[in-house]
Amino acid sequence: MTYHFAVIGAGPAGIAAVGKLIDHGVDPQTIAWIDPEFKVGDFGTKWRHVSSNTRVKLFHRFYAACKAFQFDDAPAHFAIHKTHPDETCLLSLAAEPLQWITDKLKQSVHVLHDKAIHLELSNRLWNIKLEKQSLQTKNIILATGAEPKSLSFADTSEIPLSVALDPEKLSALCHADDAVAVFGSSHSAIIIIQTLLEKCHVKKVVNFYLEPLRYAVYFDDWILFDDTGLKGKTAEWARNNIDGVLPEKLQRVISSPENIKNILPTCSHAIYATGFQSRHISVAGLHKLEYNNKNGIIAPGLFGVGIAFPEARHDRYGTLEYRVGLWKFMEYLQNIMPVWLQYGV
Ligand SMILES: Cc1cc2nc3c(=O)[nH]c(=O)nc-3n(C[C@H](O)[C@H](O)[C@H](O)COP(=O)(O)OP(=O)(O)OC[C@H]3O[C@@H](n4cnc5c(N)ncnc54)[C@H](O)[C@@H]3O)c2cc1C
């Protein structure tokens, strides 16, 4: 069979893509949905223990945004329903309804528990080579997510970001006699510094940073630094402990070659919270996966959405931000799906 669309990835972006395709009248039986696990992507697995940087009401808006999700039929007893809409929450709470939606969508589309390894366009059809099989489709939506970047300084043992963002796992690794280097000044970096100081009670945390902290500020109809600023409980902690009186065991230094050379060797572990890079998938004839950051088009019948292919948008003062977050993926798909349906093969 030749599918109309294949959606690769079942994180929040893949879920939204499947929902929007069905809402736009694409027959679910002609949609192939591919993911090794169908556990709400990295959002539902690696980042479960992270406190959200968006408010609960935006997650509710996402659940309700596609008719195909049938969220009106969902049980009302998800833990997120007990959290105030203006609060933030653990991502595990936000992921629970997404797993319910995934299971619902899986009943109507064609599901493949597999990993895509190569894409090739020929004779106006895409061939997707999976680990266990292959399939043909007219169009592909890549929602394959991103991996944390690492600086990998050789002599210091690295703690992967997914471990560092799980307080139980981090506590099992870091003890009172450890000095730990944390690179970065983002949402993730601040959460990790707080956990190391208040839960792991390590001897010292050295925060290597490049830029001053940046905070999101809420106005009635827009948010300043919506995509890059600290929010919620993380922002509150940073204001009190980094802009305020630095905790005794926290040292902050510019991430200069000299500081790295002199101070990093005093640390037993290093954690790199220094951003993300798109997961790679090989495509015949393309040396890299470049996408149009206003409409997600990569090639004829090949599109991208989610953290790997975010929309670029200027805020009202002209600052360019890459829009990453569940509600942003949904809004973006709302705008571009009609374009993809026309542009598709
Ligand atoms: C620490 C952290 C906190 C965040 N907090 C928030 C928040 O509070 N609110 C918010 O809205 N957003 C948040 N985000 C941003 C964003 O929503 C998440 O990064 C989200 O996981 C991105 O969704 P995604 O679907 O693009 O990618 P992912 O969740 O990474 O999902 C990608 C999926 O694609 C699959 N896949 C990859 N390659 C292949 C392949 N070749 N074949 C088949 N399947 C493949 C993967 O296995 C995975 O299941 C946060 C991000 C991070 C890192």
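Predicted model: local features only at pLDDT ≥ 70, side-chain atom pairs only at ≥ 80, totals over all residues.
Staying with the ligand for a moment, which residues come nearest to it? There are 35 residues around the ligand, and the nearest are Asp35, Asn53, Thr54, Ala116 and Leu326. Thr54 also has a polar pairing: an N or O atom in the Thr54 side chain is 2.8 Å from a nitrogen atom of the ligand. Then there's Ala143, where a polar backbone atom sits 3.4 Å from an oxygen atom of the ligand.

Helix H1 covers residues 12–23 and helix H10 covers residues 326–343. Their axes are 10 Å apart, and they pack at an angle of about 40 degrees, so H1 and H10 are oblique to each other. The crossing of H1 past H10 is right-handed. On the H1 side you've got Pro12, Ala13, Ala16, Ala17, Lys20 and Leu21, and they meet Leu326, Phe329, Met330, Leu333, Gln334, Met337 and Leu341 in H10. Sort that contact by class and you get 11 nonpolar residues, 1 polar and 1 charged.

Next pair: H3, residues 56–64, and H4, residues 91–106. Are these two roughly parallel or roughly perpendicular? The angle is about 5 degrees, with the axes 11 Å apart, so H3 and H4 count as roughly parallel. Phe59, Phe62 and Tyr63 of H3 make the contact with Leu91, Leu93, Ala94, Pro97, Leu98 and Ile101 of H4. What's in that contact by class? 9 nonpolar residues, no polar ones and no charged ones.

Last pair: H7, residues 187–198, and H8, residues 232–241. Here the packing angle is about 65 degrees and the axes are 10 Å apart, which means H7 and H8 are roughly perpendicular to each other. H7 passes H8 in a left-handed crossing. From H7, the contact uses His187, Ile190, Ile191, Ile193, Gln194, Leu197 and Glu198, while H8 brings Thr234, Trp237 and Ala238. That contact splits into 6 nonpolar, 3 polar and 1 charged.

Note on methods. Residues numbered from 1 in each chain as written. Heavy atoms only, no water. Axes fitted to C-alpha atoms, helices over the stretch in contact; angles between N-to-C directions. Helix = DSSP H or I, 4+ residues; strand = E, 2+ residues; numbered from the N terminus. Parallel < 35°, antiparallel > 145°, perpendicular 65-115°, else oblique. Left-handed = near helix turned anticlockwise from the far one by under 90°. Contact = heavy atoms within 4.5 Å. Nonpolar A, V, L, I, M, F, W, Y, C, P; charged D, E, K, R; others polar. Near = heavy atom within 4 Å. Polar contact = N/O pair within 3.5 Å; in protein donor to acceptor, adjacent residues only side chain to side chain.
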